[in-house]
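Visitor: I'd like to go through this one term by term. Could you show me the structure first?

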Amino acid sequence: MPRVSYVNGSYVAHAHANVHVEDRGFQFADGVYEVIACIHGHLADEQGHLDRLERSLTELDIDMPMPRRTLQMVMRELLRRNHLKSATVYIQVTRGQAKRDFIFPAAHVAPSIVVITRPFNFEKTNKCEKGVSAFTVPDIRWKRRDVKSVALLPQVLARQSAYARGGAEAWLVDDDGLITEGAASNAWIVKGGSIITRPPSHSILRGVTRTALMKIANDLQMTVEERAFTPDEAYKADEAFSTGAAALIVPIVKLDDHVIGTGTPGPVARRLYDEYRAYADGLRGEQLKWASGLNDKNG
């Protein structure tokens with residue numbers, strides 16, 4: 001059955017889902033996006049993703065293109081029209097279509113919105129059985145990484161660099177020699193019983209999956225440290241893993257030329273994956289509370 005996407009108020013055949021050549025997202029990367037996992041018909045962390053979408057838009061002074069409730073209806077209608085229960089939902093909002101000019105267009109220019117769904121088999125993509133390799137790459141991104149911008153060229157180059165060397169992810173290293181995050185994920189290590197991940201700031205994206213896992217880990221009375229760490233610390237860690245909306249939790253069993261721990265996914269990553277899946281599938285009690293500081297200055 002032909003795919004259907006949503007573009008600026010209309011449900012259209014995916015093959016004909018287009019935006020104007022002068023859309024500012026196309027010409028300036030002047031926009032933001034979110035990816036939400038739909039697992040067995042349940043939109044995982046929906047509230048957190050929409051909170052972050054609104055925050056990113058606010059940081060760039062772009063209006064929300066429609067009320068949140070309407071956007072939620074669009075996502076569900078798109079899943080229905082595509083007959084999908086397990087999928088990723090991609091939302092992109094830009095400043096809209098206007099004559100090419102660095103200055104913002106007039107207030108009457110409406111933001112553009114695109115919503116795309118894609119089938120996604122979360123069981124098939126589960127990396128907790130074998131894990132993956134990753135490589136460190138210099139972090140050359142802009143300084144507002146807390147905004148989920150569509151300006152992803154540095155991440156594309158980093159991921160391609162890792163892929164060319166046989167890796168599945170790139171872990172980015174800042175000018176101080178500290179790991180910030182993955183090209184498309186947050187970075188974690190486990191050492192001596194402590195789970196370590198970089199604290200939220202303008203230097204990283206506050207991952208929605210990250211926020212959920214922090215709450216889950218605290219509920220399980222695991223020790224969590226929010227601090228930066230070096231590649232050398234990661235090399236010597238007991239475990240390492242990445243987290244993201246679609247990949248969920250991905251154990252890193254080799255970083256650069258260094259085997260992490262036993263070279264196999266560790267018990268902490270496996271436990272957190274099982275707990276997160278139970279939560280994301282709607283089986284682990286109520287939705288987590290999103291008093292997560294998404295509107296904090298450095299969030």
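This is a predicted model: local features need pLDDT of at least 70, side-chain atom pairs count only at pLDDT 80 or more; totals for chains, interfaces and linings use all residues.

Visitor: Why is alanine 212 called buried?
Guide: Buried means under 20% relative accessible area, exposed over 50%, and partly exposed in between, using a 1.4 Å probe and protein chains only. Alanine 212 has 0%, so it's buried. You'll find alanine 212 in helix α5 (residues 208-219); helices are DSSP runs of H or I, at least four residues, and strands are E runs of at least two, numbered from the N terminus.

Visitor: And why is isoleucine 140 called exposed?
Guide: Its relative accessible area is 59%, and the label needs over 50%, so isoleucine 140 qualifies. Isoleucine 140 lies in the loop between β7 (132-138) and α4 (153-164).

Visitor: How do you know that the chain's radius of gyration agrees with a compact globule?
Guide: The rule is 2.2 Å times the number of residues to the power 0.38, with the radius taken over C-alpha atoms. For 299 residues that gives a value near 19 Å, and the chain has 19 Å, so the two agree.

Visitor: What share of the chain's residues count as buried?
Guide: Of the 299 residues, 51% do.

Visitor: How many helices and strands does the chain have?
Guide: Seven helices and 15 strands.

Notes: Residues are numbered from 1 along each chain as its sequence is written. Side-chain values use heavy atoms; hydrogens and water are left out.
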